[in-house]
Amino acid sequence: MSEKRLRRRTPVRFKQVREDIRQLGESVGLELDLAESFLERGHFEGRDLILVDRVPLGMQVETEGGDSWFPTLRGIIAWQPERCWAAVDHGAIPFLMNGADCMAAGVQLADPSLKAGDLVWIRDEEHGKPLATGVALVSGDEMMEMTNGKAVSTLHWVGDELWDLET
């Protein structure tokens, strides 16, 4: 079995990734100022990454509308966005830590502006800590009303290879 590692790691200038960083900030409603940071591009497991000061904080994700940039869990911890989230109860956490999709029964609250197909980060209802990222399968309002079925298709979670990536 081959070791999974970051490939094609290349330092870049801010102006080379300005548009990607703008998209990354817009995806969660933040104004990111990374002009003074050490920026790199990398590739890990079929996904392009933006590394800020040697930490993967942004990832490119394929969505129905094309490729989009979204923060990794480390990016969410660093920037603490207030948009595009769903909060789950403590019963859902062990399943999310194993990479399972987020079921609607576990969702207690959600950003009402979420639409189906949007990128979303899932947080612990009690502490607000990020647990996973994924694609919303239904709107934020529907997530809170549903009692069964999948609400979010999980892409990245605490404990996966991207989370454990040593840079």
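I started with glutamine 80, which counts as exposed because its relative accessibility is 58% (buried is under 20%, exposed over 50%, partly exposed in between, with a 1.4 Å probe and protein chains only). The model is predicted: local features need pLDDT of at least 70, side-chain atom pairs count only at pLDDT 80 or more, and totals for chains, interfaces and linings use all residues. Residues are numbered from 1 along each chain as its sequence is written, and side-chain values use heavy atoms, with hydrogens and water left out.

**Positive phi**

I looked up where glutamine 80 sits: in the loop between helix 2 (73-79) and strand 6 (85-88). Helices (H or I, at least four residues) and strands (E, at least two) are DSSP runs, numbered from the N terminus. Glutamine 80 is not a glycine, yet its phi is positive, about 45 degrees.

I then checked glutamate 45. Its phi is near 50 degrees, also positive in a residue other than glycine. Glutamate 45 lies in the loop between strand 2 (39-44) and strand 3 (47-52).

**Histidine 43**

I found histidine 43 in strand 2. Which side chain does histidine 43 join in a polar contact? I found aspartate 48, at 2.8 Å. A polar contact is a pair of N or O atoms within 3.5 Å; within protein, one must be able to donate a hydrogen and the other to accept it, and residues adjacent in sequence count only if both atoms are side-chain atoms. I also listed what histidine 43 touches (heavy atoms within 4.5 Å). Leaving out residues up to four places away in sequence, the list is Arg5, Leu6, Arg7, Arg8 and Asp48.
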